[in-house]
Amino acid sequence: MKSLKIGILGATGAVGRQMLEVLEERKFNVEELRLFAGTRSAGSKIEAFGKEWTVELTDTERFAGLDLLLGAAENDIAKKYLPEAARMGVQVVDNSSAFRLDPEIPLVIPEVNPEDVKLTKGIIANPNCSTIIALTAVNALHRYAKIKRMVVSTYQAVSGAGKDGIDELYNEVSKLSEGGELGKENFKVFPYQIAYNLIPQIGGFDDMGYSSEEMKMQNEGRKMLHDDKLRVNCTCVRVPVVRSHSESINIEFEREISPEKARELLKDAPGVRLYDEPSEKVYPMPLLTSDQDLVYVGRIRRDISAPEEEYNRSLTLFCCGDQVRKGAATNAVQIAELIFK
Ligand code: A2P
């Protein structure tokens, strides 16, 4: 790989720090790093690639000369800075949801639709974390039998809400274990106590009663699979897990596919580890899949509730993946590899 000048917007957050680690692990040839954040962290130091780098206050002028800018900040910050970076000739890969549904901007999972990278006009969007994990898990099955409809329930880790989400869970657990009580002042990231609880809301609700997080699976799935008829019914739940999202996925396919065929396909699927021997207690769990890049898939079985004519076209499975890594940082870095390697 040629040497690159790489910037990270939001470098001090959970995803930004993970991006830096993944760049090191995947041996990017970094000529220069520019780490951008807000006023809270500007001036702090971060070690990477054997050097210490000073975090800079974000300013578009400082993007000049970069080959690649990875976005790991919230939507409003992404919208404020990244289009200008692209206009300056910097290739942007952004993890926020700001540009994901823009028809001019490719949305890419390297295992699913790598060819869409070529359509970039400066920005490529990284999909929603649960969508990345689900589509990486089912991609090989989709290619074989074409997915018509999915019913998904997610069990999403607190790190999906950034570093502050992780801190909130730890602070609640530590306060409760010391015999303390929690009040509204403790709930800054999540609307309720998340320790020893779960919350069936991620994002705001629409008129139909779906949360914004729930609609991402259908909207982003349609864009990446190039199928605007794909139907997804999703329920997103925040759970007191630190890392790794889990998902129960029920699928109706266009063509027949058996659980045995699904296992055979998933055994060799890129980005996937088949982990499916329930009688031996072998199934995906979030602790197993944290701090690594594969999406584990198991509990593969028929949907016994499917109507008779659809039974042979139905599957149910369970998958887990580290959403800070594959669901965010690693996927973004893999997109950069498609462009620069
Ligand atoms: P900072 O550390 O200065 O707040 P997370 O989602 O994990 O909380 O990370 C958010 C990232 O976005 C952090 O790196 C944070 O930097 C950065 N950030 C927050 N506000 C701004 C801003 N106004 N301009 C640029 N970066 C920002």
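Strand S2 (residues 30–37) pairs with strand S5 in the parallel sense over 2 bridges. The model described here is predicted.

**The parallel sheet**

- The open sheet contains 6 strands, in the order S5-S2-S1-S6-S7-S8, and its pairing is parallel.
- Its edges are formed by strand S5 (56–57) and strand S8 (123–125), each of which pairs on one side only.
- Helix H1 (residues 14–25) packs on the sheet, where it touches strand S1 (4–9), S2 and strand S6 (68–71).
- The direction of H1 makes about 160° with that of S1.
- Helix H2 (residues 75–87) lies across S1, S6, strand S7 (91–94) and S8, and runs at about 155° to S7.

**Helix H3 against helix H5**

- Two packed helices are described by the angle between their axes and the distance between the axes.
- For helix H3 (residues 129–145) and helix H5 (residues 212–225), the axes come within 10 Å and cross at roughly 45°.
- H3 and H5 are therefore oblique to each other, and their crossing is right-handed.
- H3 contributes Cys129, Ser130, Thr131, Ala134, Leu135 and His142 to the contact, while H5 contributes Glu213, Lys216, Met217, Glu220, Gly221, Met224 and Leu225.
- By class, the residues in the contact of H3 with H5 comprise 6 nonpolar, 4 polar and 3 charged.

**Helix H3 against helix H6**

- H3 also packs with helix H6 (residues 259–267), at an angle of about 120° and with the axes 9 Å apart.
- This angle makes H3 oblique to H6; the crossing of the two helices is right-handed.
- On the H3 side, Ala137, Ala140, Leu141 and Tyr144 meet Lys261, Ala262, Leu265 and Leu266 of H6.
- The contact of H3 with H6 consists of 7 nonpolar residues, no polar residues and 1 charged residue.

**Cysteine 236**

- Cysteine 236 is located in strand S10 (residues 231–238).
- Its relative accessible area is 1%, so cysteine 236 is buried, the cut-off being under 20%.
- Leaving aside residues up to four places away in sequence, cysteine 236 touches Thr154, Gln156, Ile199, Pro200, Gln201, Ile202, Glu213 and Glu214.
- One of these residues, Glu213, also takes part in the contact of H5 with H3.
- Between cysteine 236 and leucine 274 there are 38 residues of separation in sequence and 24 Å in space, C-alpha to C-alpha.

Notes. Residues numbered from 1 in each chain as written. Predicted model: local features only at pLDDT ≥ 70, side-chain atom pairs only at ≥ 80, totals over all residues. Heavy atoms only, no water. Helix = DSSP H or I, 4+ residues; strand = E, 2+ residues; numbered from the N terminus. Buried < 20%, exposed > 50% of the residue type's maximum accessible area, 1.4 Å probe, protein only. Contact = heavy atoms within 4.5 Å. Axes fitted to C-alpha atoms, helices over the stretch in contact; angles between N-to-C directions. Parallel < 35°, antiparallel > 145°, perpendicular 65-115°, else oblique. Left-handed = near helix turned anticlockwise from the far one by under 90°. Nonpolar A, V, L, I, M, F, W, Y, C, P; charged D, E, K, R; others polar. Pairing = 2+ DSSP bridges.
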